[in-house]
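User: Could you walk me through this structure, starting with the charged pairs? I am new to it, so please spell out the terms as we go.

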Amino acid sequence: MFSYPMAEDVLHDLGDKVVSALVDATSATRADLAEYRDTFPNWVADSSDRGLSNWIHDRLWAHLRRGLTDIDSVELVDQGVTREVTVGLRYRARVKRHTVRDRIRSYATKSALAFWAQSEALEGLEEVRLGFGYRWDPEERVIGSTIVSLRDGLDKDAIWAVEVDAEASGGLGTEITWTPVDPSLPQIDLYEALARDEEDEAT
């Protein structure tokens, strides 16, 4: 039986460089969106939910790719709509936006179904599939907290999700802080219902 790893252990295994790259990429993408909105407010207002989501995904992936390129333990896959981050031999992640309940959306392709279902393997050889991304406010259309999440199944609630942040710690480099997401989030998520037909594999 697959044993779900704890969030603290996963973040430790990923390492500060990987988590910091995700935080920095989210922050840079948030700044890109603000600049885009300031420069072309009508374009952003006219964007469909899926169109804006894809634009954000492209910017986030570009920043993340630059931040992770020189980390030896990391491999990046960028093949059409499939974009994945592999960390070491155990962790594989897809970059996704998360709803207020930290759910994700994707077309139910064979690839997506296989990816998001945690699979059994010999102890110590399990590949853990993660969601890297951010929480999205659909009303304000703004990028919220950086999120790392674990789930078992495409349309399932997260087993756990954490908000991560990086803080400067003087001459000691970067310190990663993380906060578990309160599991008692609202049970009604109208955005999730409205977005069901808007999401695609790339978001």
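Analyst: A salt bridge here is a side-chain nitrogen of Lys or Arg within 4 Å of a carboxyl oxygen of Asp or Glu. A search of the whole structure finds 13 salt bridges. This is a predicted model, in which local features need pLDDT of at least 70 and side-chain atom pairs count only at pLDDT 80 or more, while totals for chains, interfaces and linings use all residues. Residues are numbered from 1 along each chain as its sequence is written, and side-chain values use heavy atoms, with hydrogens and water left out.

User: Which salt bridge does R59 make, and how far apart are the N and O?

Analyst: R59 pairs with D32 through their side chains, at 3.1 Å from N to O. This pair links distant parts of the chain, since R59 sits in helix α4 (residues 49–68) and D32 in helix α2 (residues 16–39), 27 residues apart. Helices (H or I, at least four residues) and strands (E, at least two) are DSSP runs, numbered from the N terminus.

User: Are R59 and D32 buried or exposed?

Analyst: R59 is partly exposed, with a relative accessible area of 27%, whereas D32 is buried, at 16%. Buried means under 20% relative accessible area, exposed means over 50%, and partly exposed lies in between (1.4 Å probe, protein chains only). The areas come from the Shrake-Rupley method with a 1.4 Å probe, and for residues only the protein chains shown count as cover.

User: What does R94 pair with?

Analyst: R94 forms a salt bridge with E84, and their closest N and O atoms are 2.8 Å apart. Here too the pair links distant parts of the chain, with R94 in strand β3 (residues 91–98) and E84 in strand β2 (residues 82–87), 10 residues apart. Both R94 and E84 are buried. They also belong to a network of salt bridges that links E84, R92, R94, E127 and R129.

User: And which residue is the partner of R83?

Analyst: That partner is D78, with the closest N and O atoms 3.3 Å apart. R83 is buried, with a relative accessible area of 18%, while D78 counts as partly exposed at 41%.

User: Switching topic, how many helices and strands are there?

Analyst: The chain has six helices and seven strands. Along the sequence they follow the pattern α-α-α-α-β-β-β-α-β-β-β-β-α. Of the 203 residues in the chain, 46% are buried.

User: Which residues touch the most other members of the largest nonpolar core?

Analyst: They are L14, L130 and F132, in a core of 37 residues. A nonpolar core is a set of buried Ala, Val, Leu, Ile, Met, Phe, Trp, Tyr and Cys residues joined through side-chain atoms within 4.5 Å. At least two residues of this core come from each of α1 (7–14), α2, α4, β2, β3, β4 (128–137), β5 (142–150) and β6 (160–168). The largest share, eight residues, comes from α2.

User: What is L14 in contact with?

Analyst: Apart from neighbours within four places in sequence, L14 is in contact with V19, V87, Y91, L130 and F132, where contact means heavy atoms within 4.5 Å. There is also a second, separate core of five residues, which includes I104, A112, W116 and L154.

User: Back to α1: which of its residues are buried?

Analyst: In α1, A7, V10, L11 and L14 are buried. Seen down the helix axis, these buried residues fall within an arc of 95°, so they line one face of α1; the arc is that of the directions from the helix axis to the C-beta atoms. The face turned away from the buried side carries the exposed residues E8 and H12. After α1 comes G15, whose phi is positive, near 90°.

User: Where does G153 lie?

Analyst: G153 is in the loop between β5 and β6, and is buried, with a relative accessible area of 11%. Not counting residues up to four places away in sequence, G153 touches W116 and A117. The C-alpha atoms of G153 and L113 are separated by 6.9 Å, although these residues are 40 residues apart along the chain.

User: Last one: is A45 buried or exposed?

Analyst: A45, found in helix α3 (residues 41–46), is exposed, with a relative accessible area of 55%.
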